[in-house]
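Please refer to the sequence and structure below while reading.

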Amino acid sequence: MGASGRRLLNRESATNQLIKETHEERHGTTSPVACPLHTVEGARMRESVVLEAWPPVGFDENKSSALNQPYSRRTYMDLQTLAAVLNSALSPHPAERKAAEHSLNNFQYTPQHLVRLLQIIVDGNCDLGVRQVASIHFKNFIAENWAPLDPEEQSKISQSDKELVRQNILVFVAQVPTLLRAQLGECLKTIIYADYPEQWPGLLQWVTHNLLDQQVYAALFVLRILARKYEFKSDEERTPVHHVVEQTFPHLLNIFSRLVQIGNPSIEIADLIKLICKIYWSSIYLEIPKKLFDENVFDSWMVLFLNILERPVPLEGQPADPELRKSWGWWKVKKWTAHILNRLYTRFGDLKLKNPESRDFALHFQKNYAGKILECHLNLLNAVRVGAYLPDRVTNLILQYLSTSLSKSTTYNLLQTRLDVILFEIIFPLMCFNDDDQTLWEEDPHEYVRKGYDIIEDLYSSRTAAMDFVTELVRKRGKENLQKFILFIVEIFKRYEQAPIEIKPYRQKDGALLAIGTLCDKLKQTEPYKSELEPMLVQHVFPEFNSPVGHIRAKANFFAAWVAGQYAHIKFSDPNNFRKALQSVVAGMRDPELPVRVDSVFALRSFVEACEDLGEIRPILPQLLDEFFKLMNEVENEDLVFTLETIVDKFGEEMAPYAVGLCQNLAAAFWKCMNTAEADAEADDPGALAAVGCLRAISTILESVSKLPHLFAQVEPTLLPIMRRMLTSDGQEVFEEVLEIASYMTFFSPTISIDMWSLWPLLMEALAEWAIDFFTNILVPLDNYISRSTVHYLTCKEPDYQQSLWIMLSKIMNDKNLEDDDIEPAPKLIAVVLQNCRGQVDQWVEPYIRITVERLHRTQRPFLKCLLMQVIADALYYNPSLTLNILQKLGVATEIFNLWFQMLQQTKKNGVRVNFKRENDKKICCLGLTSLLSLSADQLPLEALERVFKSTLDLLVAYKDQVAEAAKEVPEDDDDDDDDDDHEMNGGLQTDDDDDGSDKEMGLDDEDGDEANSFRLQKLAAQERIFRSADDYDDDSDDVFSDDEDFQSPIDDVDPFILFVDTIKVLQGSDPARFQKLSQTLDFHYQALANGVAQHADERRAVIEKEKLEKASVAS
């Protein structure tokens, strides 16, 4: 590029040169020095011209480049061979493609391979298809290998190759065709995110230089990626962006100013302005850099943004196709400008901001720009009024700005004078059914349904923005606007009623029904509108269930669903109206139009949730389910599955006759959704969401029939293929849902079948390779396998479940790269083995103790320390003599016991224990310590016996007090169906139920609202909660921590008080002298504690005996 190019933008007369050079930069027609490689042929002689560092020192291409050598004997692949292999990757013959891919994989780690790929990508004389294959291979390789996830892992790309790529990718990113630029852009993103600023300090200098000199488009392209790296960063992480802004924004402002002044600008100019807008957006998204806080600088930018907002979009060159038109460069510029101005207004334009500097900025913005922007927006919105073109996204952003303006008095005053025009001639028409809706309804009803239920579509929709504006208007300025708007809607209803059927304003009626539904929250609370809702339903909605127009029938379902949802807030004068609406919705499920059928199902969910008397639905339940599955075969929509889930939840055990059929249909729907999603993996397909919904619905069904275990054996053949496939890496997107199904199947089935055991190796493999984040979820079915099928776990040798568990646990416990949080389930799983296999896994006690002690030495988190120490306690309860011998053999006995006693004694100033906070923690420690008391004098000397005895007494008292405190919070009338499962507490010493806040303080609350609303069974939920990470287990909480009473383990039937007293009696009988010496060491305090524990043990014995008699009586 010549001297005139280097003086780009230095004076006004250079604007034509800017257009020319922008075109050159985008299409590769620059001077020879900066152009891509010319041809693959002869490239060996020219490599050093383009890539000055090529070939690397010591590299002799002639030694091993003979093309007749087999690939396996070559140390690298030269340019000609690489181009030929890439061309073969495009072959229509699968075998040839596979061979090419195999060759590429074999050579991808050889020196300079990455650089040769880049050379082919930028060679303008090479076939575009070959260049594209090279760019994809280049992008994928960089994404996987440029920055290894493990910091200690050695990079597979040499530093010299990285440097060559960094030097040259910047030169060519703007010169390659758009198709290839997208791939190189992704590569640049990976490299910049990984390397800047530490490994690539010169990047910013290159950008700044080229903003002034040559390759303006490339500099903007790279700067956009650089700014985006810090878009969501805050505080210290955001520091580099301030330096970027200081270095580049003066030049950006200069370029922006020059571009805006160009008359009759080309589409290339739009692309440059769009990049500048994106850079600005990323730089101010979370925080405005200090340089832009300067009023003079900020004003200069705002003048340019307002200029872009005001100026008409060029008519010439606009695509005729609507999809292409909304993505056209100049409309994109409008969109990004509106985006920026919205962000400035909503995040930084609020006068309530406390920071003085921010408040001054907000004041300046509102005083000087808020009104001007509003005027520009209203002028743009006029296009909607007169039927001209305005992209949906731009309309959406403008309406967002208007909605924000309603709460500010200055901007609302500007709006108020034109509010009638805005509301009735712009907003309301946007809420009505339109030509685009009609076309989509008729030509592609499936796409119409998809868009109607797509949350992302909603976010960008002008209709949604119009609904939001109406909602905000009524909420903030309802006093002067609600009645006016309702009268407008009522007038539409009247005109519709009076008009002959052939000229009825169907679309306006559609919008009117949508408007009333949008205002539901306000109307249900406000008279006289609240009392008019029922008559409105009868007069204006019921007739539309039989309308000849499909979208009106669909809207009737929408309105009926809203009415059903408000049923609890509105007293109907005639209950038959609710019944009639329900019947109409059910009838809509058989409508000939697909969107009406889907909307009917959606509406049905509201009716089912609102129904107090299920008698309205019960008689038609079989027909409803049939219609459901017909529709699920026709369309993949998660809302269909949610409705089914609601029905199953509501009817509970009444679903038993349909459970097997439901699971079969849902399984078939799941496979169909997965096949659709896999066939179009790149698309944002609703099938994946619907697949998740199918699995959730299956879980809900399994929950509803949990008291009918024989059904689990019947559904197992249907569900097992799903679990087998989706518990592999193929099922990562649905892994959690499938684990929940596996948990139900292993918990509620009468027995765990051999086929279900086939999932164990899959769980082990997943944990070893990629599923460590799901360890807590995996723990639940693993516990079920060991606790409910203990004999098979212990006796089966092919596969050897004990060995595979040890391999997995030792790998995780020894992994220094895993955080304490990651491995918390591991000690819990060791506890499951020791508690369930007591006396049968002696050979595993030492290995498990060894890895526990090793991890304990480097553990930081208090909760994990407690879990690891509880493994020692479980081992002592398993076999105290064996465990003590192992600890002594490992040379850690004194260290471990000192740490344990120190943790037991550690309290805060208020006396609350720091460690072992939960009831279950204390109980396990009590059992472990009590087991030590059974050891002989040669294993446990008197001094140690005294220490253990006193610590056990203290802990038993703390445990007793905690259980009693928890029992006070249980309602007296709490008559749980699962009382039979209370294994350890009774008679005023029960543990907390599911609603106890203590678990929530521990971070052990329900996973999310949807789970809570579906009434997950207490038993399995308890098991999951007790295994869940206790993130809030810290020194700052004084709460009493209690476990769910329904969590089952073998120690449930062991009363720690009775065990302690019985152990001391054995000691007294077997070694009276030793017992006498122990008694003499006790002061009055501990003698009183011992007597109290003995008395409580007697009480517990009596209560347990009474419970046994009551259970025997019930059983007989």
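## Salt bridges within a helix

Arginine 475 is exposed, because its relative accessibility of 55% is over the 50% cut-off. In this predicted model, arginine 475 forms a salt bridge with glutamate 472, with 3.0 Å between the closest N and O atoms. Both residues belong to helix 25 (residues 462–498) and sit three residues apart, about one turn of the helix. Glutamate 472, at 18% relative accessibility, counts as buried.

Another pair of this kind is lysine 950 and glutamate 946, whose side chains meet in a salt bridge at 2.7 Å, N to O. Helix 50 (residues 942–968) holds both, four residues apart, about one turn of the helix. Here lysine 950 is buried, with a relative accessible area of 18%, while glutamate 946 is partly exposed at 22%.

## Salt bridges across the chain

Over the whole structure, the search finds 32 salt bridges. One of them joins arginine 385 to glutamate 425, the closest N and O atoms being 2.6 Å apart. This pair links distant parts of the chain, 40 residues apart: arginine 385 lies in helix 18 (residues 356–386) and glutamate 425 in helix 21 (residues 419–431). Arginine 385 is partly exposed at 41% relative accessibility, and glutamate 425 is also partly exposed, with a relative accessible area of 34%.

Salt bridges also link Glu447, Arg450, Asp454 and Glu457 in a network.

## Cysteines

The disulfide count is zero. For cysteine 673, the nearest cysteine sulfur belongs to cysteine 694 and is 4.7 Å away; a disulfide requires sulfur atoms within 2.5 Å, so cysteine 673 is in none. Cysteine 673 is buried, with a relative accessible area of 3%. Cysteine 126 also counts as buried, at 12% relative accessibility.

## Helix packing

Helix 54 (residues 1056–1070) packs against helix 55 (residues 1072–1080) at an angle of about 120 degrees, and their axes are 5 Å apart. The two helices are therefore oblique to each other. Helix 54 contributes Ile1064, Leu1067, Gln1068, Gly1069 and Ser1070 to the contact, and helix 55 contributes Pro1072, Arg1074, Phe1075 and Leu1078. By class, five of these residues are nonpolar, three polar and one charged.

Alanine 1097 is part of helix 56 (residues 1084–1115) and is buried, at 0% relative accessibility. Apart from neighbours within four places in sequence, alanine 1097 is in contact with Phe1057, Ile1058 and Val1061. Its C-alpha atom is 9.4 Å from that of aspartate 1062, 35 residues away along the chain.

Key:
Residues are numbered from 1 along each chain as its sequence is written. This is a predicted model: local features need pLDDT of at least 70, side-chain atom pairs count only at pLDDT 80 or more; totals for chains, interfaces and linings use all residues. Side-chain values use heavy atoms; hydrogens and water are left out. Axes are lines fitted to C-alpha atoms, for helices over the stretch in contact, and angles run from 0 to 180 degrees between N-to-C directions. Angles under 35 degrees count as roughly parallel, over 145 as roughly antiparallel, 65 to 115 as roughly perpendicular and the rest as oblique. Contact means heavy atoms within 4.5 Å. Ala, Val, Leu, Ile, Met, Phe, Trp, Tyr, Cys and Pro count as nonpolar, Asp, Glu, Lys and Arg as charged, and the others, Gly among them, as polar. Buried means under 20% relative accessible area, exposed over 50%, partly exposed in between (1.4 Å probe, protein chains only). A salt bridge is a side-chain nitrogen of Lys or Arg within 4 Å of a carboxyl oxygen of Asp or Glu.
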